[in-house]
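Please look over the sequence and the model shown here before reading on. The briefing that follows is meant to be read with both in view.

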Number of protein chains: 2
Amino acid sequence: MKHAVIVEIISVGTELLLGNIVNTNAAWLSEQCAALGLSCFYQTVVGDNEERLGRALETALERSDVVILSGGLGPTADDLTKETAAGVMGRRLYMHEPSRKHIEEYFRKKQAGIPDSNWKQAMLPEKAVAVENENGTAPGVIIEEEGKTVILLPGPPGELIPMFQKSIFSYLSDRVGGTIHSRTVKICGIGESKAEAMVRDMIDAQTNPTIAPYAKSCEVHLRITARAESRERAKELISPLLDELYRRFGESIYTTEEGVTLERAVYELLRERGLTLCTAESCTGGRLSARMINVPGVSEVFQSGYVTYSDQAKEKILGVSGRLLEEYGAVSEQTAEAMALGAAAAAGADVAAAVTGIAGPGGGTAEKPVGLVYIACSVRGRVRTERYHFQGDREKIRETAVSSALILIRQCILDSHGR
Amino acid sequence: MKHAVIVEIISVGTELLLGNIVNTNAAWLSEQCAALGLSCFYQTVVGDNEERLGRALETALERSDVVILSGGLGPTADDLTKETAAGVMGRRLYMHEPSRKHIEEYFRKKQAGIPDSNWKQAMLPEKAVAVENENGTAPGVIIEEEGKTVILLPGPPGELIPMFQKSIFSYLSDRVGGTIHSRTVKICGIGESKAEAMVRDMIDAQTNPTIAPYAKSCEVHLRITARAESRERAKELISPLLDELYRRFGESIYTTEEGVTLERAVYELLRERGLTLCTAESCTGGRLSARMINVPGVSEVFQSGYVTYSDQAKEKILGVSGRLLEEYGAVSEQTAEAMALGAAAAAGADVAAAVTGIAGPGGGTAEKPVGLVYIACSVRGRVRTERYHFQGDREKIRETAVSSALILIRQCILDSHGR
């Protein structure tokens with residue numbers, strides 16, 4: 001095992017300095033580097049300016065082993081990350097034939113002419129490695145010198161992420177030495193601080209594997225990362241920690257697969273048990289059905305959803321009785337229950353989830369404040385309704401309500417159709 | 001008018017370096033600084049580490065006039081931004097009575113005891129200005145020295161944003177000299193590169209006011225910022241540019257108000273013309289209705305939406321004929337049109353928008369590739385249907401489809417009910 005490798009991330013783009021876009025690349029790259037066991041001490045954002053970018057790269061090379069730059073590999077005159085990096089490393093640029101062919105092929109497939117400026121993207125610094133870009137024309141570049149590595153990646157996340165996953169992750173993993181393996185334990189329905197308290201002792205005792213908590217909306221993800229000589233050995237190191245986490249969190253763990261989202265876990269539960277789902281939404285306005293439709297192939301189990309924002313729509317589409325709406329109000333346990341049962345009947349679905357609440361900013365009262373949300377879930381006619389009081393603004397309340405609905409659906413299926 | 005002021009943003013927090021959270025503060029602060037006419041050349045992220053933070057601040061002070069640091073003002077031992085800044089500026093810390101009282105008051109209102117560690121937040125560097133924090137216990141801090149300014153802000157956006165808006169914006173505006181006024185011209189339905197080409201001459205010729213383009217999904221925002229001795233004079237400077245932009249972009253400009261979103265513009269059009277809207281969605285799965293429900297008060301004009309993901313749901317809920325689905329397929333002009341008319345009839349709405357397409361990653365064919373989307377909009381029985389071929393992944397295709405639907409709804413209302 002070699003010494004700790006220090007990485008630094010430089011994001012290039014004037015649009016970042018103008019606040020035009022949020023730097024999601026830096027966060028994503030940092031998370032990947034953390035998973036690889038690299039230490040990151042600085043992220044820098046610099047504009048499309050040769051002098052300042054050059055200086056930032058020089059500073060980074062002085063204090064870090066690996067510098068990852070993203071952005072500025074485009075075809076325009078503004079894009080000068082490759083030119084600047086080549087200058088700092090003392091390399092000339094030459095036309096790299098495979099990259100040139102890739103660009104030709106890319107435009108041929110799109111049946112489009114090749115703008116003259118795009119050839120610039122096929123230029124590569126001497127003795128550098130080109131990294132294939134399956135989603136665009138700019139190749140990635142790896143330049144090594146005297147134990148230091150500079151990695152250039154395209155700025156668009158749709159190009160950067162797949163390129164990193166396919167080529168850079170394993171390159172860096174080799175650089176770190178040994179093999180890195182990680183598993184993500186995804187927990188739902190337990191708050192961030194409670195979940196962290198439940199694993200505080202494991203986090204404090206960590207060396208290898210490490211455990212890092214990541215808080216998401218209504219979820220906590222624990223990433224366990226092991227470094228070992230082989231993949232098998234790394235898995236062996238992780239295994240007892242997985243067992244311990246299952247002992248502590250039980251069925252609150254909905255997956256240990258990085259690629260499985262909460263909506264995907266719900267989809268898989270429905271499919272395995274041969275159930276169909278429909279939704280009836282008021283304050284979430286279609287966001288719950290949109291979450292379900294995030295899952296490719298969901299049409300097997302999810303065919304329809306209803307957005308019933310007004311009382312009239314709740315009556316007409318879901319058959320909620322006017323008397324009930326008048327007596328208890330649209331935001332009530334009774335209405336949520338009637339919405340779920342009405343939706344199940346209208347859609348002929350086995351499972352139905354209904355959400356009704358006050359997302360604000362207006363509309364709250366002392367008795368029914370902003371953030372009050374009722375969620376009902378019926379499974380073949382048996383309904384469970386929960387009352388929530390969410391904090392935050394309109395956006396946050398709705399997002400939390402949608403996650404909570406998915407968690408309730410999962411719970412109701414487990415309760416009625418076995419674990 | 002003074003010379004251009006250079007600002008630099010340092011975000012402090014190990015959670016940023018681990019990729020645990022995305023640096024939205026830096027983007028928000030940068031946008032504010034751009035609106036103030038400040039030039040930002042670097043953003044830096046550094047962990048809760050005294051040595052590295054100190055070095056980052058020293059470097060920033062060498063090359064910038066104003067350094068804004070956010071984060072690390074909390075009560076824990078990890079939080080050392082104030083201590084480090086005081087050290088770099090050669091100031092001692094003392095107990096600042098008004099801040100101490102504010103903390104007492106804050107916890108008294110919450111009816112909670114004051115943790116011992118919180119007193120640390122009332123310590124202030126000598127000769128610094130404390131900035132009141134209405135949403136937390138950590139005051140902001142302004143330190144001036146030899147023409148340089150260091151501003152410390154709390155990390156939570158719910159504290160940072162209101163503090164900046166209430167106190168820091170006007171402080172920086174004075175620092176820049178004169179008054180800053182800005183207007184945002186929001187353009188829909190014209191691509192980023194086309195819109196930029198249409199104003200390239202105005203951007204190149206800019207001095208005061210400045211024009212900055214911001215690309216959003218299916219929208220381009222042009223922010224015009226004027227600096228003048230008075231607010232009135234700044235408005236006068238902006239006025240001819242607004243006129244010129246209206247001449248060039250006409251009704252593609254949907255608002256010149258910062259706070260008005262595209263969905264809000266659609267809502268206002270519907271309300272002014274006394275129309276109601278409903279939605280029928282397949283590939284967007286409820287995201288279009290969710291966008292509309294972003295607007296508080298939308299229930300006046302939007303009462304229901306249908307998510308019909310399967311053919312069966314399209315038949316049963318929207319009355320699309322099985323023969324039509326079989327002959328043309330679910331993703332077709334004919335189906336989109338039938339969905340819109342069916343939804344209008346089912347909901348009794350004046351306007352109906354329907355979206356059907358192939359969001360991928362699977363399901364595409366040579367004839368109907370991934371990204372093919374049909375959007376239909378009916379206004380009192382008259383339907384217009386458009387065919388789109390969107391680029392990107394499942395997420396991007398659906399987001400673009402939703403924005404395109406809002407633009408089409410707006411266009412159809414303007415066409416049928418006047419400008």
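The points below take up the interface, the relation between the chains, and some local details.

This is a predicted model, in which local features need pLDDT of at least 70 and side-chain atom pairs count only at pLDDT 80 or more, while totals for chains, interfaces and linings use all residues. Residues are numbered from 1 along each chain as its sequence is written, chains are lettered from A and ligands numbered from 1 in the order in which they are written, and side-chain values use heavy atoms, with hydrogens and water left out.

**The interface**

- Between the two chains, 59 residues of chain A are in contact with 59 residues of chain B, where contact means heavy atoms within 4.5 Å.
- The size of an interface is often given as the accessible area lost when the parts come together.
- Chain A and chain B bury about 4,400 Å² between them, and 54% of it is on carbon and sulfur atoms; buried area here is the accessible area (1.4 Å probe) that two parts lose on being put together, summed over both.
- On the side of chain A, the residues that lose the most area to chain B are A:Tyr42, A:Ile293 and A:Tyr309, together 14% of what that side buries.
- The side of chain A that touches chain B has 30 nonpolar, 22 polar and seven charged residues, in a scheme where Ala, Val, Leu, Ile, Met, Phe, Trp, Tyr, Cys and Pro count as nonpolar, Asp, Glu, Lys and Arg as charged, and the others, Gly among them, as polar.
- Zero salt bridges are counted between chain A and chain B, a salt bridge being a side-chain nitrogen of Lys or Arg within 4 Å of a carboxyl oxygen of Asp or Glu.

**Strands and symmetry**

- Strand E14 (residues 302-308) of chain A pairs with strand E14 (residues 302-308) of chain B in the antiparallel sense over five bridges, and A:Tyr306 stands opposite B:Tyr306.
- Two strands pair if DSSP finds at least two bridges between them, and helices (H or I, at least four residues) and strands (E, at least two) are DSSP runs, numbered from the N terminus.
- Chain A is superposed on chain B by a rotation of 179° with 1.2 Å of shift along its axis (RMSD 1.4 Å), using least squares on the C-alpha atoms of residues with pLDDT of at least 70 in both.
- That is the relation of a two-fold axis.
- The copies meet through the same surface, because 100% of the interface residues of chain A are also interface residues in chain B.

**Local details**

- Over all chains there are 52 salt bridges, and in one of them the side chains of A:Arg248 and A:Glu244 meet (2.8 Å, N to O).
- A cis peptide bond, with omega about 5°, joins B:Asn208 and B:Pro209.
- A:Cys218 has a positive phi of about 60° although it is not a glycine.
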